[in-house]
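Subject: Structure handover, with notes on salt bridges

Hello,

Here is the structure I promised to pass on.

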Amino acid sequence: MELTEPISIEGDEREQIYEYVESHGAVDREEAREELFPADPPGDPQYSRAFQHNVAILKRDGYLREDDDGTLRIAIDIEAEGQEFTAEDVDVTVRPARQEDLSGIVGAMRQVVEEMTYIEAESVADELDHENVLLRHNEFESRMFFVAAVDDEVVGWAHLHVPNLEKLSHTAELTVGILEEYRGMGIGSELLDRALGWAESSGHEKVYQSVPSTNEDAIEFFEDRGWVTEAVREDHYKLGDEYIDEVMMAITL
């Protein structure tokens with residue numbers, strides 16, 4: 001299932017297993033059992049039975065799935081897992097991010113930030129790089145990542161963050177970016193469509209973002225897709241000795 005609202009798992013042991021799998025992205029079933037339910041005293045089968053029972057319930061309720069090789073993952077609806085398309089002879093998959101995509105997402109963000117075209121992505125990259133951040137939307141963090149992948153390598157991302165304040169819960173903040181060599185191939189449009197589709201299905205009414213005024217291509221890209229400029233903060237960014245305006249854009253869903 002694709003999670004569209006914070007999850008609520010009954011039972012401390014099941015919640016512990018789910019969080020462990022989510023934080024690792026993909027884990028070997030036996031390694032998870034040994035870590036979470038160590039036999040004490042040695043050989044006591046009670047712990048193994050408890051683990052197996054709780055995993056079975058999490059799978060039954062659609063929170064976990066298990067690969068043929070015994071790898072546990074967070075369950076995602078197969079239809080939602082990936083949409084494949086070919087652009088300029090390049091096979092691209094757009095899908096919800098997995099925890100193992102974390103380093104690829106950070107790397108893509110760092111490359112885009114170096115171009116000084118998407119400054120807000122730097123704060124997201126710093127957060128991902130310095131904290132044990134979960135990419136999935138859950139009861140602790142209201143966020144959702146989609147990635148564009150070529151040969152399982154992340155070449156673009158879309159990130160939606162929902163403020164924890166109730167008065168802003170109808171909104172979501174977007175960052176989206178594509179590596180330079182993959183731009184102009186329709187990947188950005190695919191990521192944006194997935195992100196906005198998720199936001200709308202999750203009950204959000206408005207998505208907003210900030211773009212430096214020097215990124216004219218991005219501003220035109222969003223305007224062509226119905227985004228409007230709500231405000232401009234003059235000289236908001238300072239890059240070296242240069243001051244750059246911040247263009248605050250939004251779309252109503």
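The side chains of R29 and E66 form a salt bridge, at 2.6 Å from N to O. By salt bridge I mean a side-chain nitrogen of Lys or Arg within 4 Å of a carboxyl oxygen of Asp or Glu. R29 sits in helix α2 (residues 29-36) and E66 in strand β2 (residues 64-66), so the pair ties together parts 37 residues apart in sequence. Helices (H or I, at least four residues) and strands (E, at least two) are DSSP runs, numbered from the N terminus.

This is a predicted model: local features need pLDDT of at least 70, side-chain atom pairs count only at pLDDT 80 or more, and totals for chains, interfaces and linings use all residues. Residues are numbered from 1 along each chain as its sequence is written, and side-chain values use heavy atoms, leaving out hydrogens and water.

R29 is buried, at 16% relative accessible area. E66 is partly exposed, at 27%. Buried means under 20% relative accessible area, exposed over 50%, and partly exposed in between (1.4 Å probe, protein chains only).

E66 also meets K59 in a salt bridge, at 2.9 Å from N to O. K59 is partly exposed, with 35% relative accessibility.

Next, K206 and E230. Their side chains meet in a salt bridge at 3.0 Å, N to O. K206 lies in strand β9 (residues 206-212) and E230 in strand β10 (residues 228-239), so this pair links parts 24 residues apart in sequence. K206 is partly exposed at 25%, and E230 is partly exposed at 47%.

Shared partners also join R65, D67, R73 and E100 into one salt-bridge network. The structure holds 10 salt bridges.

Best wishes
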